Amino acid sequence: MQKFWDSADTVSARTGETPVPTPPVRTAPVPTPARVFPAALKVGNVEIAPATVLAPMAGVTDTVFRRFIKNLGGCGLIMTEFTSADGVLRDQRVRGRYLHFYADEHPISAQLFGSSPSVLADAARLVEDLGFDLVDLNLGCPAKKVVKCNGGSGLLRDLPLIRQIFEAVRAAVKIPFTVKFRAGWNDDEIVCVELARMAESCGLGAVALHARTREQGYSGNARWEWIASVKQAVKIPVIGNGDIRSPEDACAIVARTGCDAVMIGRMAPANPWIFRQIEQYVVRVGTGASRVQSERSSAASDAAISKPYDEPTEADRYQMIRTYFQMLLEEEVPGAEGKMKQFASWFTHGVPGGAALRKAIYEAKSGEEILGRVEEFFDARLQAQAT
Ligand SMILES: Cc1cc2nc3c(=O)[nH]c(=O)nc-3n(C[C@H](O)[C@H](O)[C@H](O)COP(=O)(O)O)c2cc1C
């Protein structure tokens with residue numbers, strides 16, 4: 001099945017990334033939690049609660065998607081998609097498109113990529129002036145276009161330059177500065193521990209590790225053991241990322257690595273309720289930190305535990321797809337129709353008759369027509385169920 005990120009007008013066109021599969025299902029058993037799921041984390045003076053982060057995703061995490069996820073609940077921090085430091089300084093339109101956000105998105109982090117310390121420092125100042133709560137450096141993007149200019153994961157082979165960037169950006173802004181990186185270029189060049197230590201010594205507020213190498217792309221499993229190694233090496237918060245598909249996975253990555261927060265990418269468009277489900281799971285199953293556990297009502301019965309989190313009903317799915325599409329149309333985001341089509345295949349996943357709806361949506365000629373087809377489909381289904 002075509003995934004939303006296979007589409008030519010999102011990621012591959014912007015970044016040249018090869019299409020990526022859904023996170024692989026982990027087969028290893030989930031161990032008894034060694035660390036309870038943290039209720040919150042602090043990055044500098046910014047409190048992130050709950051300790052969950054929506055991963056930056058090019059072509060996906062625009063203002064509409066970020067607010068949509070935030071409104072569903074359970075997500076502690078949202079981030080922009082990666083944004084060229086050079087581009088935002090040179091072109092007002094790039095700034096408007098990638099760094100625009102609304103007041104209800106706080107706390108929000110802007111992710112930059114580039115390779116020039118002074119350009120990144122200037123772009124970080126701009127990000128601070130625009131009111132972002134944090135600024136993040138991308139050292140993970142595997143796209144050839146980005147790597148060729150030494151940005152994204154290309155920098156992983158030049159630690160001295162990374163140090164210069166860390167120092168320049170840190171000196172340029174007061175807001176917390178974080179970095180998101182892959183473990184290294186390939187299995188022979190794993191630099192994640194060294195990089196995290198350098199980040200800490202340069203005054204960065206947190207690190208996020210996507211536990212794959214650049215060479216790995218999105219293949220194989222994320223190797224969470226690298227997150228554990230980074231966590232053992234530094235005192236600043238460590239955010240674990242890679243292949244979290246469920247609340248069980250979210251608790252397992254914390255248990256196995258000791259990480260301070262989890263970051264979720266590909267599962268968010270497939271299951272936008274995942275953040276809320278993690279919150280419910282932590283409360284109902286009891287892998288939560290004390291603050292969350294103290295909120296656990298005495299009515300949290302065995303019945304609740306046998307249903308550790310709510311699964312969306314068909315009516316929920318309808319409400320969700322309609323809300324998201326309406327938001328896209330209202331915001332008039334560039335490429336709204338294309339985004340609606342991409343997301344439709346995910347949103348209708350598991351809905352009986354979903355294939356027919358997807359076909360109707362792909363044939364539609366405008367955003368309004370797509371919304372109309374969705375409404376027709378679900379209205380008919382829900383009415384049939386009611387009679
Ligand atoms: C469509 C798409 C776009 C992405 N864009 C970015 C990006 O702009 N910046 C970034 O740091 N990572 C980007 N990533 C990587 C994700 O943030 C995340 O690290 C990766 O998908 C692994 O997490 P997951 O297994 O939860 O998906 C992107 C991933 C996908 C699938």
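The following legends accompany an overall view and close-up views of a predicted model.

**View 1. Overall fold of the predicted protein.** The secondary structure of the protein amounts to 18 helices and eleven strands, and 48% of its 387 residues count as buried.

**View 2. The largest nonpolar core.** This core holds 108 residues, of which Leu112, Val135, Val169, Val207, Leu209 and Val262 touch the most other members. Because domain 1 (25-306) and domain 2 (314-386) both give residues to the core, the core lies between the two domains.

**View 3. Surroundings of Val169 in the core.** Val169 is one of the residues that touch the most other members of the largest nonpolar core. When neighbours within four places in sequence are left aside, Val169 is in contact with Leu120, Ala121, Ala124, Val135, Leu137 and Phe177; one of these partners, Val135, is likewise among the residues that touch the most other core members.

**View 4. Leu77 in a loop.** Leu77 belongs to the loop that runs between α2 (63-72) and β4 (78-79). Leu77 has 28 other C-beta atoms within 10 Å, and because the criterion for burial is 20 or more, this residue counts as buried. Not counting residues up to four places away in sequence, Leu77 touches Ile48, Val53, Pro107 and Ser109.

**View 5. Leu77 and Met263.** These two residues, Leu77 and Met263, are 186 residues apart in sequence, whereas their C-alpha to C-alpha distance in space is 9.1 Å.

Definitions and conventions
Residues are numbered from 1 along each chain as its sequence is written. This is a predicted model: local features need pLDDT of at least 70, side-chain atom pairs count only at pLDDT 80 or more; totals for chains, interfaces and linings use all residues. A nonpolar core is a set of buried Ala, Val, Leu, Ile, Met, Phe, Trp, Tyr and Cys residues joined through C-beta atoms within 7 Å. A residue is buried if 20 or more other C-beta atoms lie within 10 Å of its own, exposed if 12 or fewer, and partly exposed in between; C-beta atoms are placed from the backbone. Domain bounds come from an automatic or database domain assignment. Two residues are in contact if their C-beta atoms, placed from the backbone, lie within 7 Å. Helices (H or I, at least four residues) and strands (E, at least two) are DSSP runs, numbered from the N terminus.
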